[in-house]
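Subject: Structure handover

Hello,

Here is the structure for your files. My notes on it follow below.

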Amino acid sequence: MFAIKVENLTKEFDGLVAVDNVSFDIEAGEIFGLLGPNGAGKTTILSMLSTILKPTSGTAIVNDLDILKDEDGVRKSIGIVFQDQSLDEELTAYENMDFHGRLYRIPKNLRQERIAELLKLVELEDRKDSLVKTFSGGMRRRLEIARGLLHHPKVLFLDEPTLGLDPQTRNHLWQYIENLNKEKGITIILTTHYMDEADKLCEKVAIIDMGKIIALDTPQKLKEDLGGDVITIKSPDADKIYSKIKASWVKNIESHDGFVTINLENAEKHITEIVSLSSHNNIDIESISIHKPTLEDVFLNFTGKTIREQEFNTKDQMRMRQRLWRRR
Amino acid sequence: MEEEITVDIVYTIWLRHIKRYIRSRSRIIGSLGMPLFFLLVLGFGLNSVVDLPGMGQDYMGFLIPGIISMSVLFTSVFSGIQIIWDKQFGFLKETLVAPVSRMEIMLGQTLGGATTSLIQGLIILVFSLFLGLNISNIYGFLVACAFMVLIGLSFTAFGIAIASKMDDMHGFQLIINFVIFPIFGLSGALFPLNSLPSWLQPLTLIDPLAYGVEGIRYGLLGTSQINPYFCFIVLAGFTVFMMTFGSYLFRKIQI
Ligand SMILES: Nc1ncnc2c1ncn2[C@@H]1O[C@H](COP(=O)(O)OP(=O)(O)OP(=O)(O)O)[C@@H](O)[C@H]1O
Ligand SMILES: [Mg+2]
């Protein structure tokens, strides 16, 4: 059974194609990750699925409802935690929850019961009467997640749920998201540009770049498909190494900001070859390492770029800074 | 989406507005500052100098309804404009993604703005009791309140209309200086309309606040320069227009 069926979804912003004819399915009960760099179109996809934005063309079915034909039905059946904060800082945690519950027409008794239960779940019950403006980033994020669950949505969208959180809080949230998925059977769609997050948390991952889905599978499968090992060489002459290594055992080679990444089988066997080739050509090597493919390598393989390289070459850098500033 | 209106939802939005208002004590006091200043400085300063023939009223008495209108006007415009903060701080998204209609949100906001401006107006009114204001009949008091509510509704809607078109507060000062102050200045809040040169008088007649000021003046003093029924009809018409216009723009907000 599908929770979401996306059919040829496209969104243009005056000339800029932010989402480019995307189609995919998400199975009910799954944790699904949209993985991609800044500006890839992740938020735009979620905005369309949650009926905040109208697609330029194409459509999607969410919980058996068409996002174009039954906005209200879709809205009732989903919960969403936006990328940017969306709490009222002048209200208390409880009041933020209560406001939400009233908007979704949850009867009073049930509402009070669920708010108490959820605040406990996200460990904010002893702060329920504090104004949100006195909360830390992690507390706000947890409150937003609790709020998104208040009306018992079948599908929960989380847009960068752990952006800007410290590792400990991130781990905590991951655990929490996993529990929600297992215990309540909620389908979860999250976006992230943390590779480890996608790898650890998601059953399926769609890698998205410049509005297009370039790979979609389980993280396991994506890494297996890449196969073999990865050798990463750090060198001031990365480009030189890149042009010199032309052996038949190289499955894929990429050069990016001072690193060369080689995808190959049996790395142990060929590493000496690489080192002697480099010294023969008078190329300095600062460090060299062998590891099993990660999603980062998958991304590099599909796009020819690391996700970080992608990240800071657009005007989105500005947006990012603004967002972090606002978060504080 | 269908434009159904549920009282519960409107109430929810209204309630949030009121809670925020009660909590922002500094803003309440801040926005009382200017009207009180006008009232005391102009009222006492000009009371003995200004003579209002045929009004049966000293200047202080004449000024009080004008300053009440001023308080209501500014509070309501500010209330409407607050939507810009909701946009900037992201809270508007939470409201707009819920399964509620924009009409309900708009109504809740407008009623909230009207309520807080009525309260601000009443605070000035109570203060004025110590400056010689004499409320002799309850009917007149209610008439004054009705006019305050209409000013509150229409100018909150006006604020929402502006907020729907602006992304940040940069343009706000412009609106205050070039729209709100002229509306206030030409409303006859500070001086009788007929004391203006004749070429300016048509401008006062198209100033919706003039009808509000005159209506409140009629309610509190029992006399006015414009027929109170006419005032009511014009101001009610303006309120309906502003609320329709405000909802139209509000519905087009993209987030
Ligand atoms: N309202 C808008 N008007 C114009 N362009 C927009 C708008 N929203 C998004 N875009 C553009 O669409 C592209 C995709 O943006 P989107 O926010 O979906 O990216 P994202 O994958 O969520 O990125 P991030 O990781 O930074 O959140 C970007 O190039 C962005 O500038
Ligand atoms: Mg995004």
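**Chain A as a whole**

Chain A exposes about 14,800 Å², and carbon and sulfur atoms supply 50% of that area; accessible areas come from the Shrake-Rupley method with a 1.4 Å probe, and for residues only the protein chains shown count as cover. Please note that this is a predicted model, in which local features need pLDDT of at least 70 and side-chain atom pairs count only at pLDDT 80 or more, while totals for chains, interfaces and linings use all residues. Residues are numbered from 1 along each chain as its sequence is written, chains are lettered from A and ligands numbered from 1 in the order in which they are written, and side-chain values use heavy atoms, with hydrogens and water left out.

Taken along the principal axes, the C-alpha atoms of chain A fill a box of roughly 75 × 40 × 40 Å. The chain holds 13 helices and 14 strands; these are DSSP runs numbered from the N terminus, with helices being H or I of at least four residues and strands E of at least two. Of the 328 residues in chain A, 55% are buried (buried means under 20% relative accessible area, exposed over 50%, partly exposed in between, with a 1.4 Å probe and protein chains only). Among the contacts in chain A with a separation of 6 or more, 68% join residues 24 or more positions apart, where contact means heavy atoms within 4.5 Å.

As for charge, chain A has 45 positive and 53 negative charges, and their mean positions are 4 Å apart. Lys and Arg count as positive and Asp and Glu as negative, with His and the chain ends not counted; each charge is placed at NZ of Lys, CZ of Arg, CG of Asp or CD of Glu.

**Ligand 1**

Ligand 1 is surrounded by 16 residues, of which the closest are Asn38(A), Gly39(A), Lys42(A), Thr43(A) and Thr44(A) (a residue is near a molecule or strand if one of its heavy atoms lies within 4 Å of it). Strand 2 (16–27), helix 1 (42–49) and helix 13 (316–327) of chain A each supply at least two residues of this shell. Helix 1 of chain A gives the most, with three residues.

The distance to an oxygen atom of ligand 1 is 2.7 Å from an N or O atom in the side chain of Asn38(A), 2.6 Å from a polar side-chain atom of Thr43(A) and 2.8 Å from one of Gln83(A). On its own, ligand 1 has 630 Å² of accessible area, and the protein covers 77% of it.

Gln83(A) sits in the loop between strand 6 (78–81) and helix 3 (93–103) of chain A. Gln83(A) is buried, at a relative accessible area of 8%. Its side chain also makes a polar contact of 2.6 Å with the side chain of Thr43(A). A polar contact is a pair of N or O atoms within 3.5 Å; within protein, one must be able to donate a hydrogen and the other to accept it, and residues adjacent in sequence count only if both atoms are side-chain atoms.

**Helix 3 of chain A**

Nine of the 11 residues of helix 3 of chain A are buried, including Glu95(A), Asp98(A) and His100(A). What covers them includes helix 4 (108–121) and helix 5 of chain A, together with helix 1 (7–23) and helix 5 (91–96) of chain B. Just after helix 3, Arg105(A) takes a positive phi of about 55°.

**Two further positive phi values**

His152(A), which is not a glycine, has phi near 50°. His152(A) lies in the loop between helix 5 (137–149) and strand 7 (155–159) of chain A and is partly exposed, at 45% relative accessibility.

Glu160(A), also not a glycine, has a positive phi of about 50°. Glu160(A) is in the loop between strand 7 and helix 6 (167–184) of chain A, and counts as buried at 3% relative accessibility.

**Other residues**

Gln175(A) lies in helix 6 of chain A and is exposed, with a relative accessible area of 52%.

In chain B, Thr156(B) belongs to helix 7 (residues 138–165) and is buried, at 0% relative accessible area. Leaving aside neighbours within four places in sequence, Thr156(B) is in contact with Ser76(B), Ser79(B), Gly80(B), Gln109(B), Thr110(B), Gly113(B) and Ala114(B).

Regards
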